[in-house]
Amino acid sequence: MSEKIYALLLRLYPSHFREAYGDAALQLFRDRAHDERGFFPKLRLWLDLLADLAISVPREYRHVRQAFAATSAPRRLAGAPWLFVLEDESLRPRALFFGGVLTLLALAGFSMAINHVGSYAANVAVWPGQPASRVSPARPRVAKPSHFESGWRSVLQRMGMFLPQARHPKPPERTAAMNSAAGEAMKLDAAERQLVIDGAIANLKAHYVDPNVAQKVAEALRAHQNNGDDNAAADGSAFADLLTRQMRDVSHDMHLMMVYSQEKIPDRRPEPTPEEFARYRKAMEQNNCTFETVKILPHNIGYLKLNSFPDPSVCQSGATTAMASLNQADAVIFDLRDNSGGEPKMVALIAAYLFDHPEYWFNPREETTRQSWTSSPVPGNKLADKPVFILTSSSTFSGAEQFSYDLKMLKRATLVGETTRGGAHAGAFHRIDDHFGMGIPETRAINPFSTVDWEGVGVEPDVKVKAADALQTAEKLAENKLRKK
Amino acid sequence: MPKRKLDPLPSAAFQILLSLAGEDLHGYGIMRQVAEQTGGRMRLGPGTLYSSIQSLVEEKFIAEVDAREDAKLGHERRRYYRLTSAGRKLARAEADRLAGWLRVARAKKILRGDYV
């Protein structure tokens with residue numbers, strides 16, 4: 001046993017020493033251990049050994065370093081870089097293997113982190129926002145934003161209910177995936193490049209949130225073009241990636257992007273046809289506007305399971321009815337575990353019931369305006385001072401996260417469950433031509449709570465439990481709270 | 001290799017040279033001999049011992065001779081070391097140097113008698 005320990009300690013020495021004298025040192029240890037028996041001699045032996053290690057190990061390494069310094073001095077004069085390692089034995093295969101695995105893991109983690117930051121397109125695709133009314137006609141638009149800005153459309157998309165493919169090509173899931181998905185690479189000529197860059201610059205100047213940065217990005221794009229940097233891009237997807245990089249290098253804004261689509265991008269925002277609108281209305285009626293459950297639990301706790309925040313133009317009465325039926329409750333539990341967002345207006349509409357005065361309602365995708373306050377108090381409403389609990393899961397998303405985040409930050413609700421999925425930002429999509437378009441963040445909302453919102457990280461619950469246990473936990477918390485009153 | 005640990009000669013190296021003055025010894029033999037000749041004051045640990053041996057071998061003050069068994073310690077083969085003439089000269093020079101200090105000490109009345 002003690003010999004094994006000493007063998008391990010011997011590994012502290014540099015390899016050249018171990019090779020030359022490791023066995024002999026071990027032999028000496030055996031001899032001493034054999035001769036020096038009994039407690040005190042053993043103790044003295046180990047004290048000797050430790051003192052010996054403390055003195056001789058640093059000395060051996062110092063010697064190695066001095067030797068390197070001496071031999072490397074003339075080489076340094078030659079000017080070429082020269083590396084030395086303290087260990088002169090070659091690496092073990094196992095060490096090489098673990099090193100390789102570790103490197104791969106680090107690389108994978110890094111690229112995931114990069115993708116996470118650049119998930120703008122994914123959010124544009126699923127977050128409904130950008131109501132058409134917000135688009136000011138005074139703004140010179142090169143192209144109208146594409147279809148996937150409409151809120152209720154995306155709700156239907158999520159429910160798999162419509163979108164004839166011919167008219168509505170799938171929105172870009174993610175730049176890289178999308179740009180590289182172009183199997184038949186589109187031929188790029190100078191004229192097309194010129195058109196795309198001109199379009200990008202015009203859109204930036206017209207819509208980008210910070211005109212100074214827009215100017216800088218435009219200048220950079222132009223400079224790259226004049227330098228001939230763009231000529232290397234062989235096809236549309238490579239060109240889009242290149243422009244995205246050029247824009248981000250200057251702006252450091254990961255939500256700014258150029259997108260290439262192999263499918264033709266519709267040349268104007270397709271207004272919902274009456275037929276589509278009727279289908280949406282019907283779907284909402286059949287689903288009770290996604291107010292899945294509205295009931296009163298024991299101890300007079302109101303429970304509302306809401307699976308989206310539907311368009312108020314269709315579902316306002318549904319929402320009002322649901323909130324009215326909870327009006328007599330002593331506490332309210334909002335179950336948003338299956339809620340993937342929807343119309344910001346509906347989010348604000350429901351939140352209005354929880355305050356007795358207009359409260360600043362932060363929405364990271366909307367410019368801060370007079371409409372950014374809740375329309376509280378709601379006449380006849382009694383819920384403004386009742387305890388509120390929100391159940392969250394890892395699929396709680398977008399508008400549902402806004403609801404959770406704002407109420408948490410305002411200390412108006414207790415969040416119970418899991419960290420939410422993390423989708424906050426969106427920008428408008430601007431078509432440049434049949435195959436190119438760009439995403440531009442246009443808003444700078446004032447976040448009164450923190451410098452960061454939940455983009456990419458999700459909203460942390462106040463009480464962390466599995467989503468499946470969230471209701472039970474929230475009920476207990478509500479009961480306790482009511483009992484104290 | 002540059003000249004390294006032997007200038008000035010460390011006492012461990014000096015003791016090793018002295019221990020080999022009489023006969024060839026293996027590492028453990030050197031250790032015991034050194035302990036004996038220093039009255040138990042110097043017990044060389046394996047690291048110090050072999051690092052000193054390495055330096056002395058490199059500078060050719062001692063030489064490794066054919067490995068063999070030590071009948072008293074079992075059947076393991078052991079590496080034996082022998083003092084070279086250069087090593088003997090070095091040990092003598094070191095002893096002279098120390099003797100010079102002794103003379104100084106005596107002249108200063110720090111050390112009395114004709115001891116050494």
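Helix 4 of chain B has 23 residues and covers 33 Å from its first C-alpha to its last, close to the 33 Å expected at 1.5 Å a residue (the expected span is 1.5 Å times one less than the number of residues). Helices here are DSSP runs of H or I with at least four residues, strands are E runs with at least two, and both are numbered from the N terminus. This is a predicted model, in which local features need pLDDT of at least 70, side-chain atom pairs count only at pLDDT 80 or more, and totals for chains, interfaces and linings use all residues. Residues are numbered from 1 along each chain as its sequence is written, while chains are lettered from A and ligands numbered from 1 in the order in which they are written.

Staying with helix 4 of chain B, its buried residues are Gly87(B), Leu90(B) and Ala91(B). Buried means that 20 or more other C-beta atoms lie within 10 Å of a residue's own, against 12 or fewer for exposed and anything in between for partly exposed, with C-beta atoms placed from the backbone. An α-helix has 3.6 residues a turn, so residues three or four places apart point the same way. The buried residues of helix 4 of chain B pack against helix 1, helix 3 (46–58), strand 2 (62–69) and strand 3 (77–83) of chain B. After the helix comes Lys109(B), which has a positive phi near 65°.

Within chain B, helix 4 (residues 85–107) has the lowest confidence, with a mean of 89, and helix 1 (residues 11–19) the highest, at 94. For the complex, the predictor gives an ipTM of 0.86 and a pTM of 0.46.

Next, the place where the chains meet. Here 24 residues of chain A are in contact with 19 residues of chain B, contact meaning that two C-beta atoms, placed from the backbone, lie within 7 Å. On the chain A side, the elements that give two or more residues are helix 2 (15–35) and helix 3 (39–78). Helix 3 of chain A gives the most, with 14 residues. By class, that side of chain A has 15 nonpolar, four polar and five charged residues (Ala, Val, Leu, Ile, Met, Phe, Trp, Tyr, Cys and Pro count as nonpolar, Asp, Glu, Lys and Arg as charged, and the others, Gly among them, as polar).

Chain A also holds an open sheet of three strands, in the order 1-8-7, with antiparallel pairing; strands pair if DSSP finds at least two bridges between them. Strand 1 (257–260) and strand 7 (428–431) of chain A stand at the edges with a single partner strand each, so one side of each has no neighbour in the sheet. From one strand to the next, the twist averages 30°. Angles run from 0 to 180 degrees between N-to-C directions, with axes fitted to C-alpha atoms, for helices over the stretch in contact. Four bridges link strand 1 and strand 8 (residues 436–440) of chain A, and Tyr260(A) stands opposite Phe436(A) in strand 8 of chain A. Helix 8 (residues 190–207) of chain A packs on this sheet, touching strand 1, strand 7 and strand 8, and makes about 25° with the direction of strand 8. Helix 10 (residues 236–251) of chain A packs there too, touching strand 1 and strand 8, at about 175° to strand 1.

Elsewhere in chain A, five of the five residues of strand 5 are buried, so this strand is largely enclosed by the rest of the structure. Val388(A), Ile390(A) and Thr392(A) are buried on one side, Phe389(A) and Leu391(A) on the other. Strand 5 of chain A pairs in the parallel sense with strand 4 (residues 331–335) over four bridges, and Ile333(A) has Phe389(A) as its bridge partner. Four bridges also join strand 5 of chain A to strand 6 (residues 414–417), again parallel, with Ile390(A) opposite Leu415(A).

Most residues other than glycine have a negative phi, and most peptide bonds are trans. Yet the bond from Ser376(A) to Pro377(A) is cis, with omega near -5°; Pro377(A) lies in the loop between helix 13 (344–351) and strand 5 (388–392) of chain A. Cys289(A) has a positive phi of about 55° and is buried, with 26 other C-beta atoms within 10 Å.

Conventions:
pLDDT is the predictor's confidence in each residue, from 0 to 100.
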